[in-house]
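User: I would like to go through some labels used for this structure and see what each one rests on.

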Amino acid sequence: MKKHVLTASLLMSVMTSFGAGFQLNLQGLRQLAMGGSGTAWPWDASTIFYNPGGLARLKGVQVYGSMMFIMPSTAYGNRDNSGVTSSNEQSVRQTFTPFNLYFGGRVHEDSRLALGLGIYTPFGSGLKWDDNWLGKYIVQSIDLKCVFFQPTVAYRATEWLSVGGGFVFGAGTIDFRQAMPVHGMLGADVDDGQAHLHGSATGVGFNLGAQIKMRENLQFGLTYRSQVNMDVSAGAATFNVPTSLRDSFPNTKFDSRLPLPQVASFGVGWRLGDVTLQADLNYTGWNSYDTLRFDFKQTTSSLSNVRAPRHYRNTLTTRVGACYKLSNVVSLMAGGAYDPTPVTNGFVSPDLPDADRIVLTCGISIKPARGLTIMAAFEGVNSVKRNGTYDHAGFNGIYKTSAATPGIGLYYNF
Amino acid sequence: MKKVYIVGGLALLFAACKPSVNVTTPAKAGDVVFTNYMAVGCSYSSGYGDKSLTVSGQLNSFPQRLFEQFETINTNGAKGPFIQPLVTGDNGYPEAKLVLGKVTYCDGQIAMVPVSTTLPLDSNGSWRYLSPVNNGQINNISVPRIRVADYPVVGYGGLNKYAQRFYYDPSKRPLDELYSRVFNLHPTFFTLWLGVTDVLGYAASGGQGDGTGAAVPVTLNIYNSSDITPTTVFTAYYDSIVTALTSTSASGALLNIPDITALPYFTTVPANGLNITRKGFADTLQAMYSTIMFDKVFQEGANYYIIKDHDGQTRQAVPGELILMTIPRDSLKCAGWGSTTPIPKEYVLTTDELQNIRNTVSKFNYVIQQECQLRKLAYVDMFSFMKTLSSGIAYNGINYSTEFVSGGAFSLDGVHLNARGNALVANYIINTINNYYHSTIPQTDVNKYPGIKFP
């Protein structure tokens with residue numbers, strides 16, 4: 001009769017969204033400073049990410065490194081069934097430090113062929129709430145980190161056309177904590193159990209680009225970054241539960257797949273004297289991400305595999321930016337972007353309270369010595385206040401997310 | 001100049017670091033004055049759970065939750081203290097409360113089921129309660145097990161230890177006690193949840209007694225506690241109770257009677273739990289009951305149990321009939337109950353008995369609804385609430401249901417709600433009040449309160 005005591009799954013909404021809002025568009029500082037645009041204009045070696053075709057346009061061989069400090073914060077306002085809003089909560093402050101390293105250039109001065117390697121962080125953020133907050137049974141903390149390694153080849157086919165491509169190998173970690181509604185007889189009344197999932201993931205993909213130089217002052221770019229399925233195998237699932245429930249929630253392994261979406265981009269860049277204007281459109285294929293699955297190696301009547309429907313929609317992001325060359329030493333940059341959310345209503349979960357985002361950016365680059373450029377950029381992201389529902393878990397509220405991201409970096413031309 | 005702009009721009013960007021959603025709706029009382037809140041009811045309002053009364057159960061009662069939410073209102077909000085007649089300990093009064101424990105059945109199977117706690121009882125000091133404030137003020141005068149039918153019973157305090165504990169004069173009628181309490185507190189708002197026990201006693205005893213509503217008093221005006229209160233008696237005294245509660249012109253909410261047949265107490269043991277693994281045994285049973293069951297065939301797999309019905313006739317249970325959770329498992333497992341021996345009728349609710357229960361609930365609820373219309377009180381439809389709960393209520397990451405233990409809303413007796421179930425009820429009442437009285441009372445965070453504890 002043990003079964004009759006615990007039949008239904010107590011663990012209801014394990015990791016239901018995971019990922020989308022943690023996508024970073026921080027792969028180059030100049031591009032960051034210009035609203036994240038950079039498909040058309042090969043500014044520096046970070047074009048390995050933004051448009052591999054642009055690598056064949058770089059002069060000399062370049063080493064590039066940058067680091068960002070993302071400080072995201074989410075506010076939540078509870079709205080109950082009768083429409084009364086009663087409590088406000090704030091996520092715990094954290095700083096994440098994604099980085100980029102690029103190395104590459106033409107194989108020799110007159111060659112049409114260029115080679116490069118990019119190491120960058122397409123996902124590297126998280127969200128942490130107070131352990132006892134209102135949504136603790138959905139998420140207490142989530143953290144997703146991923147580094148891509150991209151060896152790249154580019155070729156200048158004609159005076160106006162360069163193409164390039166890179167193979168992508170991704171490696172990352174995921175970490176997720178959720179309270180479980182089981183209490184021990186000893187200890188405080190509301191000492192919850194906890195589920196903790198931790199695993200590492202790997203995946204492969206590619207990044208293709210074509211860079212078109214219509215005229216010296218008018219350039220276009222087209223890129224396609226493939227979907228990368230980050231496969232988690234044998235991650236550790238740990239359950240902190242009272243002794244009598246140990247058999248129902250055994251510590252076990254889990255497999256999962258986090259599909260990072262494909263992105264197609266079109267960009268244009270236009271130079272007017274000392275000012276360069278550029279704009280990008282990114283079409284992101286989130287709808288490949290329709291179900292999230294978690295398969296536990298050992299399941300019980302209380303612990304079953306998770307299949308969470310997502311129903312993300314594809315999004316079109318618009319990015320614009322400008323660079324003003326103040327002198328031969330100093331350039332100033334500014335830009336902005338509008339980034340609509342892939343998360344449809346009914347699926348707005350507090351592990352990813354995503355909403356349409358408005359991005360404002362600025363930056364500066366300085367050439368203190370021959371060959372050396374130092375850059376600094378700042379991005380402010382504000383989400384539109386969203387009245388979201390997460391129907392499957394009965395969790396509603398109003399969310400607003402902001403992130404401040406300063407970054408610094410440098411590159412050296414050989 | 002340019003630099004100033006840049007610095008200004010950066011400051012604006014940095015302002016992005018701390019988002020806020022300043023959207024809190026101020027709590028408003030609407031058409032009600034909540035200053036003096038009084039709760040009247042039975043076990044369901046008293047904080048009774050796990051088959052006993054404990055101080056933590058009382059402190060997690062839905063009236064306590066309601067008071068806390070009413071208290072957040074600035075103008076016309078509830079004023080403390082909110083006095084409940086607290087017992088002194090947490091192990092149960094007067095009998096031991098249920099806790100989850102391991103038992104080994106006759107067949108060697110080990111299971112985790114409710115067992116009586118072995119911790120020392122705390123009856124000392126709990127037998128009599130004296131309020132520390134205002135001439136004996138008590139806000140929650142709910143008495144576990146009390147029925148509407150008990151309100152005219154002289155000397156009721158002598159029959160119910162829970163009433164005796166705090167009644168001004170246990171030798172008087174509960175209705176007199178109610179008037180005294182109303183006079184003492186001058187309630188401006190009340191909740192009334194009575195009538196569940198008037199039908200639950202019949203259901204929980206497997207349908208003993210008449211059940212059709214034609215019961216007659218056992219002695220004087222006292223009705224058998226395992227029978228159904230006649231509707232005329234219910235109607236008369238429910239009206240008297242509401243008259244007493246509205247005698248100070250208080251606003252209030254009347255809670256109706258839920259579908260008690262959906263309680264885990266009745267739904268946990270399946271009526272078709274007779275699992276036959278050998279063909280030979282099926283044939284044996286077939287032969288044994290050939291005279292009464294020519295049209296029924298025992299087969300390997302799940303079979304409906306053999307029961308004694310309301311009239312003491314042996315027959316096989318039919319779909320929809322219910323077996324009570326209190327049935328001794330060892331008898332089911334090893335003594336042939338439900339197969340070679342019929343399950344005694346006190347553990348079974350037959351189709352007729354269920355019909356009696358459902359008819360009564362709908363008659364009583366009609367009376368309650370009429371009272372609401374007549375006296376302009378909020379009607380809290382607990383019948384609908386229970387229906388929603390049995391199909392599952394997704395709330396902040398948890399799926400609450402009427403499932404025993406894993407449903408998260410009921411205490412270990414399978415009849416009464418636990419702290420979280422009480423909080424869900426409080427929120428449901430708040431919704432009704434907000435709609436009816438145009439108030440904006442915030443809901444309570446159900447998940448903040450203790451759930452079932454595991455060893």
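**Labels and their grounds**

User: Why is Ala426(B) called buried?

Analyst: Ala426(B) has 25 other C-beta atoms within 10 Å. A residue is buried if 20 or more other C-beta atoms lie within 10 Å of its own, exposed if 12 or fewer, and partly exposed in between, with C-beta atoms placed from the backbone. Ala426(B) is therefore buried. This is a predicted model: local features need pLDDT of at least 70, side-chain atom pairs count only at pLDDT 80 or more, and totals for chains, interfaces and linings use all residues. Residues are numbered from 1 along each chain as its sequence is written, while chains are lettered from A and ligands numbered from 1 in the order in which they are written.

User: Which residues is Ala426(B) in contact with, leaving aside neighbours within four places in sequence?

Analyst: They are Phe62(B), Arg65(B), Leu66(B), Gln69(B) and Thr444(B). Contact requires C-beta atoms, placed from the backbone, within 7 Å. Ala426(B) itself lies in helix α14 of chain B; helices are DSSP runs of H or I with at least four residues, strands runs of E with at least two, numbered from the N terminus.

User: What makes helix α4 of chain B mostly covered?

Analyst: Eight of the nine residues in α4(B), residues 62-70, are buried. They pack against elements of chain B including α3 (55-59) and α14 (419-437).

Terms used: Two residues are in contact if their C-beta atoms, placed from the backbone, lie within 7 Å.
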